[in-house]
Amino acid sequence: MTATAEDIERAVAVLRAGGLVGLPTETVYGLGANAEDTAAVMRIFEMKGRPPSHPLIVHIAASDELDDWVEEVPRAARVLADRFWPGPLTLVLRRGRRVPLAATGGLETVAVRVPDHPVALALLSAFGGGITAPSANRFGSVSPTTANDVRVELGDGVGLVLDGGPCEVGVESTIVDVTGEVPAILRPGGVTREDLEAVLGYSVAVPSTSDVRVPGQHPSHYAPRARVVLVEPEKVVAEAEIARKEGYQVGVLLPPPLAGATVEAHAVVTLPDSPAAYAQGLYGFLRELDQQGCDLIVASLPAEEGLGLAIANRLLRAAGPRPPA
Ligand code: TXA
Ligand code: MG
């Protein structure tokens with residue numbers, strides 16, 4: 001059930017008291033704290049099991065509050081904020097004094113965004129300050145896209161989770177660094193590279209650290225419990241069969257062109273045709289295959305255009321090497 005005005009009031013009280021609140025955004029659910037309360041911010045890292053050197057995103061209610069949180073707003077940042085906020089775009093700017101170093105992992109820059117979700121916006125307006133919130137999952141695992149996912153991820157640790165229904169975008173915001181000469185994408189997400197370039201009028205770099213083209217080079221993140229194996233789309237069915245014979249409980253993310261193909265596997269999700277629906281469903285599909293007891297998931301990468309860039313980035317990270325158990 002969607003959060004009521006009373007739920008919002010309770011959440012504001014929790015934030016003012018230094019507590020944590022699970023909140024919906026259009027991308028994924030966040031685990032929020034008063035951005036200006038260092039002790040509360042530290043609690044986020046504890047609850048997620050996340051190293052405190054990993055910076056968080058400060059969520060604000062409207063573009064016109066941006067100046068309160070950053071040292072300066074370069075022209076490109078203003079253009080992007082005007083066009084894409086509220087929305088799945090995060091801007092990295094020089095840190096304003098209001099932002100504690102705890103929220104930025106010690107960096108002199110800060111990530112800021114205005115989320116496009118009525119519950120998040122109502123909470124931000126009622127609270128009247130910034131809410132720093134990472135995705136509300138345990139560090140490294142799949143981001144939550146429903147209120148129930150948050151409860152499953154974090155258990156009773158988080159006293160209050162505002163329910164805003166399933167997230168519409170389904171993958172995290174696009175992070176753009178606007179502190180340099182030209183904007184650069186640090187993480188592909190809900191706003192596409194093509195949309196950014198259309199507004200800016202020039203091409204935007206996707207640095208190799210985010211553009212993980214070779215699986216296995218980056219430690220896993222956004223990862224289900226099951227191991228993720230990526231193959232060419234036409235090899236998905238054969239790979240699933242091999243893994244099954246090796247004794248795995250195989251889950252398959254079946255590319256749309258193969259819909260209806262016979263697959264010998266423990267569980268099969270036929271992916272939606274539209275990239276938007278794929279992005280929206282991605283984390284839910286991975287959770288679902290985990291829940292069905294799969295220990296290996298066979299998938300392939302979509303074309304890296306539009307939302308496909310963000311989906312491919314998350315799949316590549318999910319397939320990255322796991323820390324030793
Ligand atoms: O859609 C989203 O962005 C969601 C919702 C809840 O807003 N939040 C989210 O937060 O994905 P999190 O903490 O899971 O990811 C934040 C990312 C991290 O990869 C972090 O490294 C990057 O933002 N980040 C934050 N501050 C940064 C900074 N100052 N410089 C570079 N990267 C930064
Ligand atoms: Mg995250």
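Arg 98 and Glu 36 form a salt bridge, with 3.0 Å between the closest N and O atoms; the term denotes a side-chain nitrogen of Lys or Arg within 4 Å of a carboxyl oxygen of Asp or Glu. Arg 98 lies in the loop between strands E4 (89-94) and E5 (109-113) and Glu 36 in the loop between strand E2 (30-34) and helix H2 (38-48), so the pair ties together parts 62 residues apart in sequence. Glu 36, Asp 68 and Arg 98 are linked in a salt-bridge network.

This is a predicted model, in which local features need pLDDT of at least 70 and side-chain atom pairs count only at pLDDT 80 or more, while totals for chains, interfaces and linings use all residues. Side-chain values use heavy atoms, without hydrogens and water, and residues are numbered from 1 along each chain as its sequence is written.

The structure holds 13 salt bridges, including these:

| Pair | N to O distance |
|---|---|
| Arg 78 – Asp 67 | 3.2 Å |
| Arg 193 – Glu 197 | 3.4 Å |

Arg 193 and Glu 197 both lie in helix H6 (residues 193-200), four residues apart. Helices (H or I, at least four residues) and strands (E, at least two) are DSSP runs numbered from the N terminus.

Four strands form an open, parallel sheet in the order E10-E13-E11-E12; strands pair if DSSP finds at least two bridges between them. Its edge strands are E10 (227-230) and E12 (267-270). Four bridges join E10 to E13 (residues 296-299), and Val 228 stands opposite Ile 297 in E13.

How values were computed:
Chains lettered and ligands numbered in written order.
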